[in-house]
Amino acid sequence: MKSILIVEDDPLVVEVYSRKLRDEGFLVDVATDGRTGWEMFQQRRVDLVLLDLLLPEVDGVKLLKQIRAKASPRTLPVLVFTNAYLGGAVQQAWEAGANQVIPKVGVTPKLVIQMVKNALEDPPPAALPLAKTRSKADFDLEVREKFLASSPRIFAALWRPLKRLVRQGYHPHNQGCFRELFRVVRPLTATAAIAGLDGMAQMSAALEGLLKELCDAPERLSPSVVLTIAQAIDTLRFLFAYPDGSTAKNPSAARILVVDDDEFARAAISRALALVNLKVICADSPVCALKRRTGKRFDLIILDIEMPGASGFDLCARFRAMPSYQDTPIIFLSMRKDLKDRTESALRGGNDYITKPFLYMELATKALSFVIGGPLKSAHAMKGPNGNGADEAFSRRDLNSLKQAFLGSYD
């Protein structure tokens, strides 16, 4: 009988995979931190390791290197779970000797079990493709119910550090707040994916990527980033409240228009949004942008301010005059940092404002929040959350106050 060691600190993920592996006839041991995982690896016979990269005590990359010092990829398969938006971590996992790196979003437990079986064959067959069409039969309904029922606890844990961060200010030395946010957000991705809540998994994965970047480089914290974090949490709140909402947008089907006369800026925006699998249509002038509006409407528009022919403010006003674009989210992305320009962006109908140079993960997270949550929030704005437990401790009024504070701040 083959023995599997799972090294993972999320209780729900551990429960699902350990139960399913045991049902398949495997012996399963579980470690909830890297240090314990190393001790168990040394003390037990292990035929395969399922390893999360971000672990307490000893991180997954270091543990993988320790394992590889004892066993080669040919003799011991190690399958690594990670957030695909943490590109650096993915590369580190491959370099440390992972046999396969499995993104937490979009992969079903059924597929992971098949990966385990394949890895234990000698010789192993070709790696399974990660893309898979999910059916209702792939959902773990018990996990889904437990996960949704946990939303009051999750949001209480999210609002506390967020409100403290807003109250204390946007200083890097307040990194304890976003480290606490990171600890709460990180388990959401895998659990939401197992529960079949793909939009929630994508949103939490993007937010996790942004928070990880801030944990590694706290000097990048700014009022704009705090607002983006708050918006992402608010989107998660709606996704929890309406888990089966048909109005939530599938990001892969979204159409995003980027209007900027700077070729390098357009390329940078495209790369940032590609991190969360959002595709863009670019225009180098307002005239070109207006020509591109024919056909299916855009789900998000990103505008520079200073452009030839007309300003981004003028273009925004033109879009807002069109019935089909009165509610389309519009983000201004500009070198300008003046209070006057930020105020003007709101008066002309803009939904948000980010200054250049920008953090890729901030723009990616903000864009994803608008794309996934925008239709859902519009559909249910008058009703409010439906009682699935989304905590109201951080209300819409708080979010609007934070936005106003950002518009009046200086980076």
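Which helix supplies the largest share of the lining of the largest cavity? The answer is H8, with three residues. The structure is a predicted model, in which local features need pLDDT of at least 70, side-chain atom pairs count only at pLDDT 80 or more, and totals for chains, interfaces and linings use all residues. Residues are numbered from 1 along each chain as its sequence is written, and side-chain values use heavy atoms, with hydrogens and water left out.

The protein chain contains 16 helices and 10 strands. These elements are DSSP runs numbered from the N terminus (helices: H or I, at least four residues; strands: E, at least two). Of the 411 residues, 55% count as buried. Buried means under 20% relative accessible area, exposed over 50%, and partly exposed in between (1.4 Å probe, protein chains only). Among contacts with a separation of 6 or more, 72% join residues 24 or more positions apart. A contact means heavy atoms within 4.5 Å.

Confidence is given as pLDDT, the predictor's confidence in each residue, from 0 to 100. Its mean over the protein chain is 82, and 83% of residues reach 70 or more. Over residues 131-137 the pLDDT is below 50, and this stretch has 12 contacts beyond near neighbours in sequence. Residues 385-391 also stay under 50, with 20 contacts beyond four places in sequence.

The largest nonpolar core has 66 residues. Such a core is a set of buried Ala, Val, Leu, Ile, Met, Phe, Trp, Tyr and Cys residues joined through side-chain atoms within 4.5 Å. Ile-229, Ile-233, Leu-278, Ile-302 and Leu-363 have the most contacts inside the largest core. Helix H9 (residues 198-216) contributes 10 residues, the largest share. Beyond its neighbours within four places in sequence, Ile-233 touches Phe-155, Leu-158, Trp-159, Leu-162, Leu-181 and Leu-207. A second, separate core has 26 residues, among them Val-61, Leu-63, Val-80 and Ala-96.

The whole structure holds three cavities of 30 Å³ or more. A cavity is a set of points, on a 1 Å grid over the protein atoms alone, where a 1.4 Å probe fits but cannot get out; lining residues have an atom within 4 Å of a point. Grid points are joined across faces, edges and corners, and a volume is the space filled by probe spheres set on the points. Helix H1 (11-23), strand E5 (100-103) and helix H8 (175-194) each supply at least two lining residues. By class, this lining has 10 nonpolar, no polar and two charged residues. Here Ala, Val, Leu, Ile, Met, Phe, Trp, Tyr, Cys and Pro count as nonpolar, Asp, Glu, Lys and Arg as charged, and the others, Gly among them, as polar.

Some backbone features deserve mention. Most residues other than glycine have a negative phi, and most peptide bonds are trans. The bond from Lys-356 to Pro-357 is cis, with omega near -10 degrees. Pro-357 sits in the loop between strand E10 (352-355) and helix H15 (360-380). Glu-57 has a positive phi near 70 degrees. It lies in the loop between strand E3 (48-52) and helix H3 (60-70). Glu-57 counts as exposed because its relative accessibility is 56%. Asn-277 also has a positive phi, of about 60 degrees. Its loop runs between helix H11 (263-274) and strand E7 (280-283). At 47% relative accessibility, Asn-277 is therefore partly exposed.

How values were computed
On a 1 Å grid over the protein atoms alone, a cavity is a set of points where a 1.4 Å probe fits but cannot get out, and a pocket is an open set with protein on both sides within 12 Å along at least five of seven lines; lining residues have an atom within 4 Å of a point.
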